[in-house]
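Trainee: Please take me through this one, beginning with the aromatic residues.

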Amino acid sequence: MAEKEFKLPDVGEGLTEADIVAWHVKPGEAVEDGQIIVEIETAKAVVELPCPWDGTVTRLLAEEGQTVEVGVPIIAVEVAGQATPDRAERASVPAPAPAESTPDDEAGAHSVLVGYGVKTSSTTRRARRTAAGRPETAEVPTAPEVPVEPPELATEPRATEPGVAAVRALAKPPVRKLAKDLGISLAALAGSGPDGSITRDDVQRAATADTGARSAESGNGSRTATSPTVPGGEERIPVRGVRKHMAAAMVSSAFTAPHVTEFLQVDVTETMAAVRRLRELPEFAELRVSPLLFVARALLVAVARHPLVNSSWDAAAEEIVVKHYVNLGIAVAAERGLIVPNIKHADALTLPELARGLQTLTETARAGKATPADLSGGTITITNVGVFGVDAGTPILTPGETVILAFGQVKEAPWVIDGQLAVRQVCTLSLSFDHRIVDGELGSAVLRDVGSMLTDPLRILAWS
């Protein structure tokens, strides 16, 4: 029998880290090759990782919610029929000295716990950052009366009388995280656990009683969240994974591409009638048909009529790259943030195939199962803001694209037809475009074409 460690892989496009979302196994459980063992959240999506071996889980080396760098072990599995790797090497790694550092330490060498190993890709120790699943051990005062805590406990300094060496509070990483989230200072608590360590119950009691243990600042110098149980308090949400990527992408797009947005109100009464008729056809019996299907088809036809809008700006080469294929992105408000998966080569699909692609794409994205491949390579985007009950917006371009179309809610409104006032089903279209590539004339032509096709869906056939 041999214990093997499974390292966090790069699941696509050079990602450097991921958050552990949920473990599907626990120590002592048997696992099979290919069995899903963990869900991780990258900057792109939530991804399920399979186990590469048959065996028994011995250790989980990373906790749920922890950020782990690519290449760092996250789980250990006992595998039958394998020679034990790296045992001697790992056992030979020197344990950390509780007292003075050595010249080797000053030169950048790592002292680590026996069996824990070091990350070979870096010799720089980060502040408050630990390897996945490895306990965080704060520095221990060198005074002889202060004991070195066990490795599974992290420490926080406790206030003492002047001239007396600081005694540090003992707490495991999950307890420290809970205390940080609730704004509780571990130094102010008396631990009820083994060797005076602080437990989750100690922290929760302090938060409920509001005993003065609430800290003004967290260990990294920023203000912590006030407990959600306190009326009028504050809550801080970590910016990670998909949300972090979305924020960076939107800022980059907004301040890189000069945006212009145009609006057009459209009578979509005939499109809504076509949607109802389409739902009755056997080709669409198993599909969810909505007005978005017609909006998507109309935009694809408009791209064929005006190819320059399906392009990107290559600043380094000083070129505009026109894509003669359409990977149609659909903005989806998923639980973990805004994502834009895309339907590959949407321009080559039949209408039933496009309907199926839209349905599969949105269901997968909302379930948090979109893959990095689903989220990469988009060329033009639609955002359906109408599902939120709003008429219009000024959408921000997806980075690397030139056009994004917003589709507002469909509602009854007065409309003049042949000089007569009538009640029609109306929506507002918003088209944002990169003004380095698309001028006002071209942008207006695209928006006008999409509007014309939604007013009279037969134009989709005529212009295809």
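**Aromatic pair, cores and a lysine**

Mentor: Both F6 and W53 are buried, meaning under 20% relative accessible area with a 1.4 Å probe and protein chains only; over 50% is exposed, and in between is partly exposed. The model is predicted, with local features taken at pLDDT of at least 70, side-chain atom pairs at 80 or more, and totals for chains, interfaces and linings from all residues. Residues are numbered from 1 along each chain as its sequence is written, and side-chain values use heavy atoms, without hydrogens or water.

Trainee: How many aromatic pairs does the structure hold?

Mentor: There is one aromatic pair (Phe, Tyr or six-membered Trp ring centres within 6.5 Å; planes under 30 degrees apart are stacked, over 60 edge-to-face, the rest tilted). The ring centres of F6 and W53 are 6.4 Å apart and the planes stand at 90°, so this pair is edge-to-face.

Trainee: Which parts does the pair tie together?

Mentor: F6 belongs to strand β1 (residues 2-7) and W53 to the loop between β5 (46-50) and β6 (55-60), so the pair joins parts 47 residues apart in sequence. Helices (H or I, at least four residues) and strands (E, at least two) are DSSP runs numbered from the N terminus.

Trainee: On to the cores. Which residues touch the most other members of the largest one?

Mentor: L328, L429 and L454 do, among 56 residues. Such a core joins buried Ala, Val, Leu, Ile, Met, Phe, Trp, Tyr and Cys through side-chain atoms within 4.5 Å. Helix α7 (residues 291-305) gives the most to this core, with 11 residues.

Trainee: What does L454 contact?

Mentor: Beyond its neighbours within four places in sequence, L454 has contacts (heavy atoms within 4.5 Å) with V266, D267, V268, T271, F294, V295, A298 and L429. A second, separate core has 22 residues, including I40, V57, A62 and I75.

Trainee: Which residues of helix α6 are buried, then?

Mentor: In α6 (residues 269-279), T269, T271, M272, A273, A274, V275 and L278 are buried. These residues pack against β11 (259-267), α7, α8, β21 (420-434) and α9 (440-455).

Trainee: What does K344 touch?

Mentor: Setting aside residues up to four places away in sequence, K344 touches V326, N327, A373, D374 and S376. K344 and G329 are 15 residues apart in sequence, with 8.8 Å between their C-alpha atoms.
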